[in-house]
Amino acid sequence: MRAILATSIAVTCTAALALPLALPAGASAAGPAGASTAGTSRAPAAAQAVPDGIPGSTRSLPLRPLRTSQRGAAPDAQGLSAHGVSPFSLVGVVWDDPDTELHGRAQVRTRPVGGTGWTGWQDVQTHDDDAPDPQSAEHRGGRVRGSTAPLWVGASDAVELRVAPERDGSGRTAARRALPAGMHLELVDPGRDTAQVRAARTGEQTSGEGRPKPPRGNTGTVGSALGSLLGIFRIPALGKPAGPGDDYDDDPAPRPTNPTTPRPSNPRGHVGPRPAIVTRAGWGADEKLRERQFAYTRSVRAAFIHHSATGNHYRCAQAPSVLRSIYRYHVKSSGWRDMGYNFLIDKCGTIYEGRAGGVAKPVMGAHTRGFNGNSMGIAVLGSFENANPPAAAVTAVAKLTAWKLGLYGVNPRATTSLVSGGGNRFKKGVRAKLHAISGHRDGFNTQCPGDRLYSKLGSARSAAARLQGR
């Protein structure tokens, strides 16, 4: 083994020294000159070398009352029109009070970058029921805001938004409900893919055995190249394979501060094969955005399946950009401590690590209000009320749940009980009986994960059980 290890290192070093010195890590063509909020600067001038992978930005624009004479404006509607703004790819609406609902209809249209025409009007899902539990420390921190679901619109540089309140009751004389106070339109630029993200899209950056790790502390051209290659050949600790809870296995940065983090237990031995999981580094998460510490729950007894409601107009190669946009929207716009979902799956069936803390560990998410404890949230990127979910995505749900639920001794076909932390379907303290693989709507009154995806959960349960050898 020592001879093999020495040979691998020697080959790696030789390859690294053979690389051209004109390839410093972080040098590439200029990225998009994203708009910025306070504390985020604009991209450098195009004539200067810029880092590979622009972090992205968020721009928040206050809504104002619309005159009824304006096209499509309903009484008491709010909105705005912004032209010539810096490029953005995702939109959403936020407001001051997270406990206030938006009863109405929100529609947006955008102008693609480099184009002169406008898209058609698109609906923004007004109820974003993915949120921290009402009594959780995350919710009580004072930063959480009310929000719609985010909508992916692709690279755009102009936007029009209109939000119309619904009537309270029926009939012509029914009053319209008041819209939430402090509404803002959020324009999110996901930034530019890094070289590491581009490598991940080709299957070179996944979580699990053989997973390349990002180089740490390497500076300069030779050091960066050497660090990258050593990451590719990284070998787990001698004497045992990588397993749940090992630093090699999860290793988020920075490390958890809680030394008594619960570890998975599996007395029955039914664990599905571990699927490939693209790490946060693999989709380009800016770890400076989230809170440094992690929050854990005791176990994982259920998986809640969601759709992201961001729309289906994205390519699989764009999935990392969609994830970075959702992440920034959850943290910077909605005020959450991190991405809400524990995992996300794109239309090609690629699985991504969501909230930080370790993919094998019971990380507390913000995905199913009232049932974030002892569960995990899996979001399939897209909207599936009227569109069928891709078979690859449903298969990925089965693979992921077979492995993760198996770590905690859970049969995907079984039912479980969870105590509600408070929501619109189960009051706080109520013990709810749920499927081990449930849809979001099973724990909260919502349309999520869409009728078409919800109808596939039965087959996902059966497939996951078979993968566990049941």
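Trainee: How many disulfides does the structure hold?

Mentor: The structure holds 1 disulfide, meaning a pair of cysteine sulfur atoms within 2.5 Å. This is a predicted model: local features need pLDDT of at least 70, side-chain atom pairs count only at pLDDT 80 or more, and totals for chains, interfaces and linings use all residues. Residues are numbered from 1 along each chain as its sequence is written, and side-chain values use heavy atoms, with hydrogens and water left out.

Trainee: Which cysteines does the disulfide join?

Mentor: Cys316 and Cys348, S to S 2.0 Å. The link is right-handed, with 95° about the S-S bond.

Trainee: What parts does the pair tie together?

Mentor: Cys316 is in the loop between β12 and α6 (319-333), and Cys348 is in the loop between β13 and β14 (351-353), so the pair ties together parts 32 residues apart in sequence. Helices (H or I, at least four residues) and strands (E, at least two) are DSSP runs, numbered from the N terminus.

Trainee: New topic. Is Cys448 buried or exposed?

Mentor: Buried, with a relative accessible area of 4%. Buried means under 20%, exposed over 50%, partly exposed in between (1.4 Å probe, protein chains only). Cys348 counts as partly exposed, at 47%.

Trainee: Which residues touch the most other members of the largest nonpolar core?

Mentor: Phe343 and Ile378, out of 31 residues. Such a core is a set of buried Ala, Val, Leu, Ile, Met, Phe, Trp, Tyr and Cys residues joined through side-chain atoms within 4.5 Å.

Trainee: Which element gives the most to this core?

Mentor: α7, with 10 residues.
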